[in-house]
Amino acid sequence: MTDIRHTADDLGFAHRHLLGIDGLTAEQISFLLDLSDSYVALNRSDDKKTSLLRGRTVINLFFENSTRTRTSFELAGKRLGADVINMSVSSSSIKKGETLIDTAMTLNAMHPDVLIVRHPDSGAVKLLSEKVNGAVINGGDGSHEHPTQALLDALTIRRRRGSLQGLRVAICGDILHSRVARSNIQLLGIMGAHVRVIAPPTLLPNNIERLGVEAFFDMREGLKDCDIVMMLRLQTERMQGSFVPSIREYFRFFGLDREKLQAAKPDALIMHPGPMNRGVEIDSELADDIDRSLIRDQVEMGVAVRMACLDALTRTLRSNSAKRAATQVGGPA
Amino acid sequence: MISAGMKPVSTKNPGRVAYVNARLLDPATGLDETGGLLTDGTKIADLGSHLFNDGLPEDAQVVDCAGLCLSPGLIDMRVQLREPGAEHKETIESASRAAAHGGITSMVALPNSEPVIDDVAILEFIARRAREAKLVKVYAYGTVTRGLKGRELTEFGLLTEFGAVGFTDGLTAVSDSQVMRRALSYSRTFNQVIIQHPEDPALAGGAMNEGEVATRLGLTGVPSAAEVIMVERDLRLVALTGGRYHVANVTTAAALDAIRKAKQSGLDVTCDTAPHYFTLNENSVGDYRSFAKVSPPLRGEEDRKAVEDALADGTIDVIASDHSPHDQDSKRLPFAIAEPGIVGLESLLPLSLQLYHNKQLSLLDVLSKLTSGPAGILGLNGGSLKAGAPADLTLFDLNKPWQIDPDSFQSKSKNSPFTDYPVQGMVRRCIVDGRCIYGPENTQQI
């Protein structure tokens, strides 16, 4: 069994929860990415399991449907040796506010060590984190943040390009509803990349430039000289009323195809957080182009990043119990 | 660009035509001088006071203008063609003929046909019918919302690629603020203008202007506030979104004040009015004359004067005919249920020239509202006299007095309140892409 151990003093990560990219420093992000790199190596080896989190309980608490993120977290927890419980709460069956806190209190009484929470409302994960004793990882809250997605995107880019510093990254599509965009804008900015957002004005939130990005309405203009093109899913489920008139018009003007991609650098790489709407925001053939598309790499990096996050957030806990164990074994004479 | 190009296809090259002894008028450059103009094929080749000093080109046909005014072809940015859907009132061909007689070389169709222009197929249909008519240039707007229902936006991008020159719901106001916000916002992607019918629909249910006349006649009124409420709301949305906004048929002092201030503050806002709003007032309704029923309604005298003033100070950028043909059955009805609208293509120029003859505007200022004004707002190629521009020209006799006779109109419908109305100024020739589509057959004759 491969064992990746860090000394108890080497805690490295000074946060109790991971609620967002906002608030992290470049050093902390680099620390998580370095740690993730070591888990990529582990995941590619024959024996993927460690006992780092043996005896720890991780609860996947999902108030919103998810397959890939939940599976990715579940696999991450299991590879680290934790007991992972999945809890899906249909968002329609619960009321907000008090009921969310009730759920948190109920779960808290079961003493989980880590709660991974996804919720359709922005800010709900933070609210919940204030009521529990364990660590909370934001698995996506409304249109606010999705920090592990931004970290896995950063890891994917860093492994291909060596560094994020100075890269020109275009985030395209439904910026308005996207937590992935908000987390990526933060992270890429902190790490020294130049970020552009490209969308029809109806899908760009007001004052987006204040987040340190350049905004474009035209794909060819916005993609010019970009190193990385991140496509976002058109989130029709969050849309009330018409933000764009039709799918065919959206694809024609904002869908990524070979013709529009020509505006970017010749070796520009394509990313997508998934799940993809082929023929809506991305040309199907392009999504499968192994020379240009990092979409499968992103999925692989997701597990490693989530292992790193679970590792980092449980270090204080593990170091305390290690100290307690040492005291008991050694004992006072 | 997939654009089908909404131009009439000339069957043969019109060759070179020399217009001599013309009073050349170009509001785009401020040109007003006697001289000549040479067209070559579909373009203006050259013009100026000394153009033919070295003699006329041998291969050119010669038109002696005898001192008449030669201006860029008029552009009418508000025309209801009634085709498809109501061909008994007007067709693209009859409207084109009426336009040619009115000196109009380009007209823009409102999208409230049946079916409405909310899909590229309808745009293509209109382009094809205009090509078949081979008269004036026909452009079209797309609707802002599908089926004019005020809810879902149409495909601005695809419609733009197929030739739509702007978006409007025609005589229906986009009343939902969120929809209007998104329209103004989304249209920025394609740098298109949103044209609003300025009436709050909840307040605009009445039959005529709200005031003393309506009270005496026992008709329900549309308060002038209905207009300024819609305009002021929209101006806030323009400030919020940075969109391009044009108000059609402005009729009230209050709305004009709001637009004037918005222009001063730098918003991308323009507006038009129609001749009946500065030539007539609510008294024209008189004894329930349904030919004087329009939407927005003819206003009181104060508002009519305010429209004149706003034309003079440049607040109003464009005069459009607001051509709204209706058959007798739609108009010979009790006033309240008669259709609103006036046919205007053939009276647009003479009624507009009243502003010049009454010394309210200079001749070039009047013409700018009929040529360079609309061309600039809609991004049309034309509206000025310069070498290389399309040879779209209007030749008119500035001073010729006559009386409007709707029965002689080329338009299929005759619903005009201007019967026997005395005017000064008559169109003599209409030239589209170098080809004379209205005027005497003999080129030497005027």
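Ile104(B) counts as buried because its relative accessibility is 0%, where buried means under 20% relative accessible area, exposed over 50% and partly exposed in between, with a 1.4 Å probe and protein chains only. The model is predicted: local features need pLDDT of at least 70, side-chain atom pairs count only at pLDDT 80 or more, and totals for chains, interfaces and linings use all residues. Residues are numbered from 1 along each chain as its sequence is written, chains are lettered from A and ligands numbered from 1 in the order in which they are written, and side-chain values use heavy atoms, with hydrogens and water left out.

Ile104(B) belongs to strand S7 (residues 104–109) of chain B; strands (E, at least two residues) and helices (H or I, at least four) are DSSP runs numbered from the N terminus. Apart from neighbours within four places in sequence, Ile104(B) is in contact with Leu74(B), Asp76(B), Ala99(B), Val136(B), Leu345(B), Leu348(B) and Cys430(B), contact being heavy atoms within 4.5 Å. Between Ile104(B) and Val432(B) there are 328 residues in sequence, but 9.1 Å in space, C-alpha to C-alpha.

Over all chains, the structure holds 6 aromatic pairs. Rings of Phe, Tyr and Trp (its six-membered ring) pair if their centres lie within 6.5 Å; planes under 30 degrees apart count as stacked, over 60 as edge-to-face and the rest as tilted. Phe156(B) and Tyr186(B) form a tilted pair, 5.7 Å centre to centre with 45° between the planes. This pair links distant parts of the chain, 30 residues apart: Phe156(B) is in helix H3 (residues 156–161) and Tyr186(B) in helix H4 (residues 177–186), both of chain B. Tyr186(B) also forms an edge-to-face pair with Phe190(B), at 5.6 Å centre to centre and 75° between the planes. Tyr186(B) counts as buried at 1% relative accessibility, and Phe190(B) does so at 14%. One aromatic cluster is formed by Phe253(A), Phe156(B), Phe167(B), Tyr186(B) and Phe190(B).

Two charged ends sit over rings in chain A, which requires NZ of Lys or CZ of Arg within 6 Å of the ring centre and within 35 degrees of the ring normal.

| Charged residue | Ring | Distance from ring centre |
|---|---|---|
| Arg252(A) | Phe253(A) | 5.8 Å |
| Lys260(A) | Phe251(A) | 5.7 Å |

Also in chain A, helix H5 (residues 147–161) packs against helix H6 (residues 179–190) at an angle of about 50°, their axes 8 Å apart. Axes are lines fitted to C-alpha atoms, for helices over the stretch in contact, and angles run from 0 to 180 degrees between N-to-C directions. H5(A) and H6(A) are therefore oblique to each other; angles under 35 degrees count as roughly parallel, over 145 as roughly antiparallel, 65 to 115 as roughly perpendicular and the rest as oblique.
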